[in-house]
Amino acid sequence: MDKIQEREEFLQKFFGDSNKIAFEQLKQFNELMVRYNCAVREIRTKFEVLNEELSFHTSRNPIESISSRIKSPVSIVNKLARLGKDLSVEAIEENLNDVAGIRVICSFIDDIYKVADMLAKQDDITVIQIKDYIQKPKLNGYRSYHMIVEVPVFFSESKQITRVEIQLRTVAMDFWASLEHQMKYKKSTADRPEISAELKSCAEVIAATDARMQGIRKRIEMLENECSEQKNGGVL
Ligand code: 0O2
């Protein structure tokens, strides 16, 4: 008896027909989660490499931190139900773009566009969707740059194209989004107009500060360039 037959008999004996199907689905679900985990690791490594290269050339880190998460089974089930989709492994892949999520926190606004563009240009990355909530903030004040990308994951016997959601934000945007998420996001009780207006006003102050900080950095860079040009001029 070969291994597959042996396993089939085991399943039949211990689970019966309907439970055997459930067991197979659970196995497929776990396999899919392994794939999402691997895809997240690949994208994270890509950002780490870009950060290392850029910090070597500019003596500062464009990326402050990277975090990632795989959506919990409960959130997956809830989201499929919200979308009115069947509960199946195929439906997860077809309908959910954010099972694998990675958040990249950048120092300045222009760093976001720089690293996003560098990732998008890599030849194993396919950009599926971009939502630029920095150019066009959400009505509540939320700002971030969202990308859905596909990346190939190489296993021993197959190559699996896998979707990952990437959120890129500055430290300041992340400060606002994290606190707003805690206090309000998806909580209708905190949806009062005066609270929304106050949060939106905070988002605007934060956005203005982000722009000023970038302006300060650019002025410093200009002054540094002028100094080194003067030095070089003196030497020559
Ligand atoms: P969580 O708990 O962070 O995972 P989608 O729901 O992704 O199918 P949508 O809403 O068009 O469709 O996606 P979008 O606009 O790209 O936003 C997805 C994610 O961005 C959210 O994930 C949040 O992480 C973040 N986000 C979007 N809007 C807001 C906001 O107003 N405030 C905050 N704090 N975060 C926001 P989840 O799965 O909804 O939530």
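## Exercises on a predicted model

The lining of the largest cavity holds five nonpolar residues, one polar and one charged. Here Ala, Val, Leu, Ile, Met, Phe, Trp, Tyr, Cys and Pro count as nonpolar, Asp, Glu, Lys and Arg as charged, and the others, Gly among them, as polar.

This is a predicted model: local features need pLDDT of at least 70, side-chain atom pairs count only at pLDDT 80 or more, and totals for chains, interfaces and linings use all residues. Residues are numbered from 1 along each chain as its sequence is written, and side-chain values use heavy atoms, with hydrogens and water left out.

**Exercise 1. State which residues line the largest cavity, and which elements give two or more of them.**

Step 1. A cavity is a set of points on a 1 Å grid over the protein atoms alone where a 1.4 Å probe fits but cannot get out; lining residues have an atom within 4 Å of a point.
Step 2. The search of the whole structure finds one cavity of 30 Å³ or more. The largest cavity has about 50 Å³ of space. Such a volume is the space filled by probe spheres set on the points, which are joined across faces, edges and corners.
Step 3. The lining is Gly141, Tyr142, Arg143, Met173, Trp176, Ala203 and Ile206.
Step 4. α5 (171-183) and α6 (193-235) each give two or more residues to that lining. Helices (H or I, at least four residues) and strands (E, at least two) are DSSP runs, numbered from the N terminus.

**Exercise 2. Find the residues that touch the most other members of the largest nonpolar core.**

Step 1. A nonpolar core is a set of buried Ala, Val, Leu, Ile, Met, Phe, Trp, Tyr and Cys residues joined through side-chain atoms within 4.5 Å. Buried means under 20% relative accessible area, exposed over 50%, partly exposed in between (1.4 Å probe, protein chains only).
Step 2. The core has 39 residues; Ile43, Phe47, Ile92, Val164, Ile166 and Leu168 touch the most other members.
Step 3. α1 gives the most to this core, with 10 residues.
Step 4. A second, separate core of eight residues includes Tyr133, Tyr142, Trp176 and Leu199.
Step 5. Take Ile166. Leaving out residues up to four places away in sequence, Ile166 touches Ile43, Phe47, Ile102, Val104, Leu119, Tyr145, His146, Met147 and Val149. Contact means heavy atoms within 4.5 Å.

**Exercise 3. Is Ser59 buried or exposed?**

Step 1. Ser59 sits in the loop between α1 (3-58) and β1 (63-70).
Step 2. Its phi is near 60 degrees, a positive value in a residue other than glycine.
Step 3. Ser59 is exposed, with a relative accessible area of 69%.

How values were computed. 1 Å grid on protein atoms, 1.4 Å probe; cavity = no way out; pocket = protein on both sides within 12 Å on 5 of 7 lines; lining within 4 Å.
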